[in-house]
Each structure stands twice: as C-alpha cells, then as structure tokens.
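Visitor: Hello! Could you walk me through this structure, one step at a time?

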Amino acid sequence: MAVTSTSPRRPPQYLLSGPFSGARGGLGYVLGNGLPPVRPVTSRTRILNTCPPALLAAAPPANLIQSELEAVLWTLAALLLAAAFATLRGALVHSHPDRLLDRARDAEQRSRLTPLLARADTLATSAGLFKLTSELAFLALVLDLLSTDGALNWTNFGLGLAIGAPLLLLFAEGLPAAIARRHGDSLLLRTLGAFHAFQWPLALPVALLEGLRRTLLRALGLPVATDSARRIVEGLREVIE
C-alpha cells in the first residue's frame with residue numbers, strides 16, 4: 001500500500017543555498033522544511049548543493065586569513081621580509097672581501113667570513129630567491145585583503161597591482177639599494193653567518209640555479225660575473241666615491 005505524505009508542498013524559493021548561506025543545518029535542508037526563504041540560488045551554491053557533505057566539511061574559508069588585522073600584519077611582514085632580503089642581496093652583490101675582512105673585529109671572525117665571501121654570488125642568489133618568494137607572498141596577501149567575498153575579479157586584481165607594485169618598488173628595490181650601498185659591510189659582518197645557516201637547506205637548488213644561469217649566459221655569449229671582476233668593480237667604485 002502506498003504512503004502519501006500529508007505535508008504541504010513548498011514553493012521552490014524555500015531551497016537553501018548550501019552550507020555557507022548562514023542557515024542552520026546547511027545542506028541537510030531541502031524543500032518543505034518550513035524555514036523562511038533565503039537568498040536566491042547561484043551557480044556557486046548549486047555546485048555546493050551537489051557536493052557530498054564530507055567534502056564540504058573540509059572546504060577552505062572564503063579568504064586565506066579570516067581576521068583583517070591578522071591579514072594586515074602578515075602582509076606587512078611579507079613586505080618587510082622582501083625588503084630585508086633585498087638589502088642583503090644588494091650588500092652581497094657589492095661586497096669586497098678585502099674591505100670586509102679589514103673591518104672584522106678579530107682573526108676568528110675573519111676566518112669565518114673568508115669562505116662565505118668566496119661564495120658571495122651563490123649567497124646573493126639565495127637572497128634573491130627569498131626576496132622573490134616574499135614579494136609573491138605579499139602580492140597574494142594584498143589580493144586576499146581586497147577579495148572580501150572570496151572571489152578575485154579584474155577590479156580587485158588591478159587594485160592589488162596598483163597598491164602592491166609601488167610598495168614593492170619602494171621597499172624592495174629603492175630603499176634596500178640605498179641601505180646596501182651605505183651600510184652593506186656592517187650588515188654582512190653581523191648577519192652573513194646567520195644567513196648562510198638559514199639558507200643551507202636550499203643550497204642544492206640554489207647551486208643548480210646558479211649553474212644554469214652561468215650556462216645560459218655563456219650560451220648567449222654574455223659575460224659571466226666572477227669574484228675577481230666584482231672586486232675590481234667595487235675597488236673602482238671606492239676610488240670614484
């Protein structure tokens with residue numbers, strides 16, 4: 001014998017839009033639940049309504065970081081890291097081993113710095129890799145701050161570039177170059193050993209990148225910068241200045 005439901009049928013507008021609509025129960029509510037109508041169903045919510053609940057339970061939030069203050073702090077931290085690594089890279093690029101060793105406080109510090117300064121080009125590549133990573137993280141966080149609804153559109157993308165590009169130009173290019181020229185030697189004397197230990201896990205990838213860069217330069221017939229060439233250039237710069 002067939003059983004006929006006695007509950008009245010509800011119009012289609014009572015269909016909820018998924019677990020992220022703010023209604024109780026989320027995906028479990030269907031037609032005929034007696035709840036007041038909610039916002040219209042969109043293409044995004046149709047996809048959510050067709051997903052298994054197990055997948056929806058682990059769905060990420062709309063934004064990478066929920067708290068606006070936390071997002072701003074992480075964005076500023078990424079910008080400061082980009083500036084720090086850019087300054088360190090500039091100091092390494094313009095380093096002169098003899099000048100630095102003369103400023104060392106004792107023989108022990110000179111012995112520690114000598115092998116590191118011989119690898120200044122490789123360490124500069126490591127600093128450049130960290131700088132690029134920090135810049136990309138900064139731009140991603142800026143875009144996340146602007147996409148309040150979790151969706152990235154061309155307006156948010158253009159606004160993110162309009163905000164992020166000048167900040168990176170100032171804090172990751174202009175200021176670090178000036179600081180590296182002025183205080184590069186002092187910075188290297190204090191931080192080169194710690195940076196060498198910090199970047200050690202990336203030593204192999206950086207060595208491969210450095211070798212690839214030199215190979216491409218030779219293949220294109222371009223001059224490859226060497227330690228001796230850097231010493232000559234920095235010596236001439238000291239004479240001119």
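Visitor: What percentage of the 241 residues in the protein is buried?
Guide: Before the figure, a word on where it comes from: this is a predicted model, in which local features need pLDDT of at least 70 and side-chain atom pairs count only at pLDDT 80 or more, while totals for chains, interfaces and linings use all residues. Residues are numbered from 1 along each chain as its sequence is written, and side-chain values use heavy atoms, leaving out hydrogens and water. Buried means under 20% relative accessible area, exposed means over 50%, and partly exposed lies in between, using a 1.4 Å probe and protein chains only. Among the 241 residues of the protein, the buried share is 30%.

Visitor: How many helices and how many strands does the protein have?
Guide: Helices (H or I, at least four residues) and strands (E, at least two) are DSSP runs, numbered from the N terminus. Read from the N terminus on, the elements go α-α-α-α-α-α-α-α-α. The count for the protein is 9 helices and 0 strands.

Visitor: Which share of the accessible surface belongs to carbon and sulfur atoms?
Guide: Accessible areas come from the Shrake-Rupley method with a 1.4 Å probe, and for residues only the protein chains shown count as cover. The protein has an accessible surface of about 15500 Å². The part belonging to carbon and sulfur atoms is 67%.

Visitor: Is Ser95 buried or exposed?
Guide: Ser95 sits in the loop between helix H3 (68-93) and helix H4 (97-102). A polar atom of its side chain lies 2.8 Å from the backbone oxygen of Leu92. Because its relative accessibility is 1%, Ser95 counts as buried.

Visitor: How are H3 and H7 oriented to each other?
Guide: Two packed helices are described by the angle between their axes and the distance between the axes. Axes are lines fitted to C-alpha atoms, for helices over the stretch in contact, and angles run from 0 to 180 degrees between N-to-C directions. H3 and H7 pack at about 70 degrees with their axes 4 Å apart. Angles under 35 degrees count as roughly parallel, over 145 as roughly antiparallel, 65 to 115 as roughly perpendicular and the rest as oblique, so H3 and H7 are roughly perpendicular.

Visitor: And how does H3 lie relative to H6?
Guide: H3 packs against helix H6 (residues 120-146) at an angle of about 160 degrees, with the axes 8 Å apart. That angle makes the pair H3 and H6 roughly antiparallel.

Visitor: Which residues of H8 make the contact with H6?
Guide: H6 and helix H8 (residues 203-219) pack at about 105 degrees, with their axes 9 Å apart. H6 is therefore roughly perpendicular to H8. Contact means heavy atoms within 4.5 Å. On the H6 side the contact involves Asp121, Thr122, Thr125, Ser126 and Leu129, and on the H8 side Val206, Glu210 and Arg214.

Visitor: Which residues does Gly160 contact, leaving aside its neighbours within four places in sequence?
Guide: Gly160 is found in helix H7 and is buried, with a relative accessible area of 3%. Its C-alpha atom is 7.2 Å from that of Leu139, 21 residues apart in sequence. Leaving aside neighbours within four places, Gly160 is in contact with Val142, Leu143, Leu146 and Ala165.

Visitor: Is Arg182 buried or exposed?
Guide: Arg182 is found in helix H7. Since its relative accessibility is 70%, Arg182 counts as exposed.

Visitor: How far apart are the C-alpha atoms of His196 and Leu116?
Guide: His196 has its place in helix H7 (residues 154-198) and is partly exposed, with a relative accessible area of 23%. Leaving aside neighbours within four places in sequence, His196 is in contact with Leu116, Arg119 and Leu123. His196 and Leu116 are 80 residues apart along the chain, and their C-alpha atoms are separated by 7.7 Å.

Note on methods. Polar contact = N/O pair within 3.5 Å; in protein donor to acceptor, adjacent residues only side chain to side chain.
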